[in-house]
Amino acid sequence: MEVDYLIIGQGIAGTCMSYQLMRRGKKVMVIDQIEQKSSSEVAAGLFNPITGRKMKKSWKADTLFPNMISFYRELEEVTKSSFLHEVPIYRPFFSIEEQNEWMAKSADLDYQQFIHKVWNKSLGNGLVKDPFGGLELKMSGYLDIPSLLEAYREYLRALGAFRDEQFMENELKLENGKVKYKNLEAHKVVFCNGPSARFSKYFSWLPFRPVKGELLHIETDALLDKIYNRGVFVVPTKTGICKVGATYNWKELNHVATSNARTELEEKLNNLVIFSYEVIDQKVGVRPATKDRKPFLGSHPNFSELAVFNGLGTKGVSLSPYFSEQLADFFVMNKELDMEVNINRYISLYSP
Ligand SMILES: Cc1cc2nc3c(=O)[nH]c(=O)nc-3n(C[C@H](O)[C@H](O)[C@H](O)COP(=O)(O)OP(=O)(O)OC[C@H]3O[C@@H](n4cnc5c(N)ncnc54)[C@H](O)[C@@H]3O)c2cc1C
C-alpha cells in the first residue's frame, strides 16, 4: 500500500497533523498503539489565553486562539461529535492591588479580546474563595481530548487510514527518497510520538525536557459553570466529573500515581474552593516538553523523508492546530517554518 504520509502516533499532535495533510488532499496512514496513559489521554485539555503566576498573555495567544477554535469546530463537524467546550475561566484575586491592576489592564486593547469581566467583589456563589473578586476570561475552556481522539480514530478507520499497532523504528527502511515500513510505502514519515521520541535513533538529539504530571478526578454536587484557576485548575466536564491539576515533576518520568501529588493538589484545591468533593481517581502522564519550551517542527537534517512534530509540552491543545498547519504548509507548499519552532535551531547538537 502506498501513502503520501505515514504518521506515527495519534495523540493530539498526530491527530492535527494527519488532518491538516488530508485537508490538503494527501493520503495518510496513522499508526498508534492505543494507550490510555498517553499525555493526550490524561490531559485536562484546558486552553487558557492568560497564564502563569504573573498572568501574562500566553505565547502567540492572538494568533493561536482564534485559529484553534475554528479548527476544532471543523473537526467536530467532520467526525460528527462534540468535544470543544468554551467555558469562562475565573481566577480569584489575591489582593486589592491585583484587582486594581486588572481594572487598569482591562482597558488595554491588547488584553480586551480575552477578558470577559473584572469582578471587583466576590461572585458570592458559595463555591470559590474570592474576597477581592477575580478575573473572568473568555476564549477559554477545555477540549475533551479522549473524545476527540476516539471520534477521529473512527473517522480514520472508516477511511482505512488507521492501524492500531506498535510502530517498530528498526523496521523502517529508507530507499531512494522513499520510506518502506512493513507493507507500506510512504513519501514521508512524521513522528508525532510524544515523549517516546527521545528514544528515537533519528530524533533523540533534540533537547527534550519531559515533565511528569498528575491530576485528580473529583465528584461533587456543586454545579460549576466556570473553570476555577488559582494554584490549581478545576475543570467541570460534561460527565459531572471535575479534573483538578496539575503537578510538575522533572525527575521521576514514570506513570506511577503518588500520594505527594495527591496531597499537593488537595491542599491547593482546598485553598481555592469551598464546596465538598470526593476524589475518585488520579491520572498520570508525561508531557513532551522541551528545554526552550517551544515545539519541535521540521525535517531530519540528513533524511528529508523523516520529519517531526513534537514538543507540545503543557499546551498541546492550543499549539497543535496552528503548528500542524504550519508544518503541513512546509511539506506541501515549501513555506518557511518559524525559526522559533524549526528543529534547525538545534542543528549544532546533531552529529550524523
Ligand atoms: C497531567 C497532565 C495535564 C495536562 N493538561 C493539559 C491541559 O490542560 N491543556 C493542554 O493543552 N495540555 C495539557 N497537557 C499536555 C498535553 O497532554 C500535551 O501537550 C499533548 O497531549 C501532547 O500530545 P502529543 O500527541 O505530542 O503526545 P502524546 O499524547 O504522548 O501522544 C503520542 C502518541 O504516540 C503513540 N506512540 C508513541 N510511540 C509509539 C509507537 N512506538 N507505536 C505506536 N504508537 C506510539 C502513543 O501511544 C500516543 O498515542 C497535560 C499533560 C498532563 C500529563
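**Exercise 1.** Find which strands helix α7 lies across, and the angle at which the helix runs to β17.

*Solution.* Start with helix α7, residues 259-272. Helices (H or I, at least four residues) and strands (E, at least two) are DSSP runs, numbered from the N terminus. Helix α7 lies across β15 (211-219), β16 (227-230), β17 (232-236), β18 (241-245) and β19. Two residues count as in contact if their C-beta atoms, placed from the backbone, lie within 7 Å. Next, take the direction: helix α7 runs at about 80 degrees to β17. Axes are lines fitted to C-alpha atoms, for helices over the stretch in contact, and angles run from 0 to 180 degrees between N-to-C directions.

The model is predicted: local features need pLDDT of at least 70, side-chain atom pairs count only at pLDDT 80 or more, and totals for chains, interfaces and linings use all residues. Residues are numbered from 1 along each chain as its sequence is written.

**Exercise 2.** Give the strand order of the open sheet of eight strands, and say why one side of β8 and of β19 is left without a neighbour.

*Solution.* The order is β8-β9-β7-β16-β17-β18-β15-β19, with mixed pairing. Two strands pair if DSSP finds at least two bridges between them. β8 (115-119) and β19 (278-287) stand at the edges with a single partner strand each, so one side of each has no neighbour in the sheet. Direction ignored, neighbouring strands of this sheet are turned by 20 degrees against each other on average. Glu136 in β9 is the bridge partner of Lys117.

**Exercise 3.** List the domains, then describe how domain 1 meets domain 3.

*Solution.* The domain assignment, automatic or from a database, gives domain 1 (2-43 + 146-208 + 291-349), domain 2 (89-137) and domain 3 (211-287). The C-alpha centres of domain 1 and domain 3 lie 29 Å apart. Eight residues of domain 1 are in contact with six residues of domain 3. The side of domain 1 that touches domain 3 has three nonpolar, four polar and one charged residue. Here Ala, Val, Leu, Ile, Met, Phe, Trp, Tyr, Cys and Pro count as nonpolar, Asp, Glu, Lys and Arg as charged, and the others, Gly among them, as polar.

**Exercise 4.** How many residues surround the ligand, and which are the closest?

*Solution.* The shell has 41 residues, the closest being Gly9, Gly11, Gly194, Gly285 and Gly316. By class, the shell holds 15 nonpolar, 21 polar and five charged residues. Domain 1 and domain 3 each supply at least three residues to this shell.

Notes. Near = placed C-beta within 6 Å.
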